[in-house]
Amino acid sequence: METASERLRGGSAVGLLRLGLAVFVLLWLLGPDALQDYVPIWIVFLVALGLEANYFFGGWRGGWRVPADRLPQAVDRERYGYAEPRELTLVHRDGEELWIPYAGEEGEELERLIEEAREPEPAAVASAPGRPIGQFLLGCALIAALALVVWISETRGGWRGLDEDRKAAATALFSTEASRIAGHAVTIRCDEGGNVVGAVQHADGVAQVGGTLAYLTPERCNSLYRLAFEDEVKSSQTGRAIAVLAHESWHLHGIRAESTTECYALQSGVGLGRRLGLAGSTAHQLMRQQLAENALHAEGSADYLVTAECRDGGALDLDRGSSEFP
Ligand SMILES: [Zn+2]
């Protein structure tokens with residue numbers, strides 16, 4: 001059975017958990033973008049919901065659990081204390097098992113002890129209700145409110161929040177840049193419906209090898225838009241978006257092997273990043289970072305890992321004359 005102090009400890013733990021969640025969401029929205037890159041916020045919400053549910057149902061069960069045996073429970077010890085030299089003794093009376101603090105009493109004294117033991121326990125101690133459902137609902141409401149804040153800031157602030165003219169101007173620019181790398185006229189579309197690319201398809205972009213059409217996720221389109229039209233650079237997100245556009249462009253060029261495509265993309269990404277508004281040194285730095293994180297982006301698929309030839313002077317070096325790579 002849960003004691004009052006245990007309940008209090010649990011309560012403050014939940015309070016801390018909620019505070020922690022709120023602080024984390026704020027950090028996720030406003031803090032370093034590495035956090036957004038590596039921590040899917042929806043998983044954080046799921047875990048928080050699980051902890052709330054676990055605490056609520058755990059408390060509820062604790063309040064109603066029937067002891068498996070008839071050993072003295074916390075409630076008995078509260079009534080009789082530890083200090084007494086009495087021993088709790090099991091007595092059978094009218095088919096009931098009763099624990100009485102026995103110290104050699106007889107006759108009436110013994111009867112009084114048995115009667116005391118048979119009295120229903122005080123309601124406040126006996127019912128020991130679990131955590132009130134109001135507290136659980138409050139926790140759920142907080143999680144829902146934070147999720148709503150994230151959802152609004154992601155959709156309003158993202159690609160979908162742009163007006164049609166801006167989207168058209170941006171995709172025209174992406175298409176022009178992709179055509180330079182592909183070597184022929186191609187079209188880049190941003191897949192707002194999530195039908196072609198996205199979390200479900202486990203891809204940031206998709207292109208027909210040697211074809212004329214590629215799709216990027218709205219998140220990548222948004223990063224490219226922010227860079228080209230708002231001069232906004234969020235280091236690893238911007239770098240990834242440039243790499244993805246260059247990657248799909250190399251597929252359109254006719255390169256099929258993922259590892260070669262990615263190696264070429266990181267090299268072309270330097271020039272692409274510059275044309276979209278990055279300073280030369282930043283463009284190099286972002287693509288080097290992408291190369292360093294290659295294993296991370298490959299997400300366990302060996303096809304996407306660049307080979308040992310993806311280095312300065314290697315077989316995949318697109319510019320042998322330069323010692324910079326990428
Ligand atoms: Zn690919």
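**Reading the strands and helices**

Mentor: β4 and strand β5 (residues 213-216) pair in the antiparallel sense over 3 bridges. V206 stands opposite Y215 in β5. The model is predicted: local features need pLDDT of at least 70 and side-chain atom pairs count only at pLDDT 80 or more, whereas totals for chains, interfaces and linings use all residues. Residues are numbered from 1 along each chain as its sequence is written.

Trainee: What makes β4 and β5 a pair of strands?

Mentor: Strands are DSSP runs of E with at least two residues, helices are runs of H or I with at least four, and both are numbered from the N terminus. Two strands pair if DSSP finds at least two bridges between them. β4 and β5 have 3 bridges, and therefore they count as paired.

Trainee: Which strands are the edge strands of the open sheet, and how do you know?

Mentor: The order of this sheet is β3-β5-β4, with mixed pairing. β3 (187-190) and β4 (205-207) are the edge strands, since each pairs on one side only. From one strand to the next, the twist averages 20°.

Trainee: Why is α8 called oblique to α10?

Mentor: The axes of helix α8 (residues 164-182) and helix α10 (residues 235-253) come within 8 Å and cross at roughly 50°. That angle makes α8 oblique to α10, because under 35 degrees counts as roughly parallel, over 145 as roughly antiparallel, 65 to 115 as roughly perpendicular and the rest as oblique. Axes are lines fitted to C-alpha atoms, for helices over the stretch in contact, and angles run from 0 to 180 degrees between N-to-C directions.

Trainee: Which residues of α8 meet α10?

Mentor: F174, E177, A178, I181 and A182 in α8 meet residues of α10 that include L245, A246 and W250. The contact of α8 with α10 has 8 nonpolar, 2 polar and 2 charged residues. Here Ala, Val, Leu, Ile, Met, Phe, Trp, Tyr, Cys and Pro count as nonpolar, Asp, Glu, Lys and Arg as charged, and the others, Gly among them, as polar.

Trainee: Why does I181 count as buried?

Mentor: A residue is buried if 20 or more other C-beta atoms, placed from the backbone, lie within 10 Å of its own, exposed if 12 or fewer, and partly exposed in between. I181 has 22 C-beta neighbours inside 10 Å, and therefore counts as buried. Beyond neighbours within four places in sequence, I181 is in contact (C-beta atoms within 7 Å) with A246, S249, W250, H253 and S268. The C-alpha atoms of I181 and W250 are separated by 6.4 Å, although these residues are 69 apart along the chain.

Trainee: What makes helix α9 mostly covered?

Mentor: Of the 13 residues in α9 (residues 218-230), 10 are buried. Among them are P218, C221, L224 and L227. The buried residues of α9 pack against α8, β3, β4, β5 and α10. Just after α9, D231 takes a positive phi of about 55°.

Conventions. Contact = placed C-beta atoms within 7 Å.
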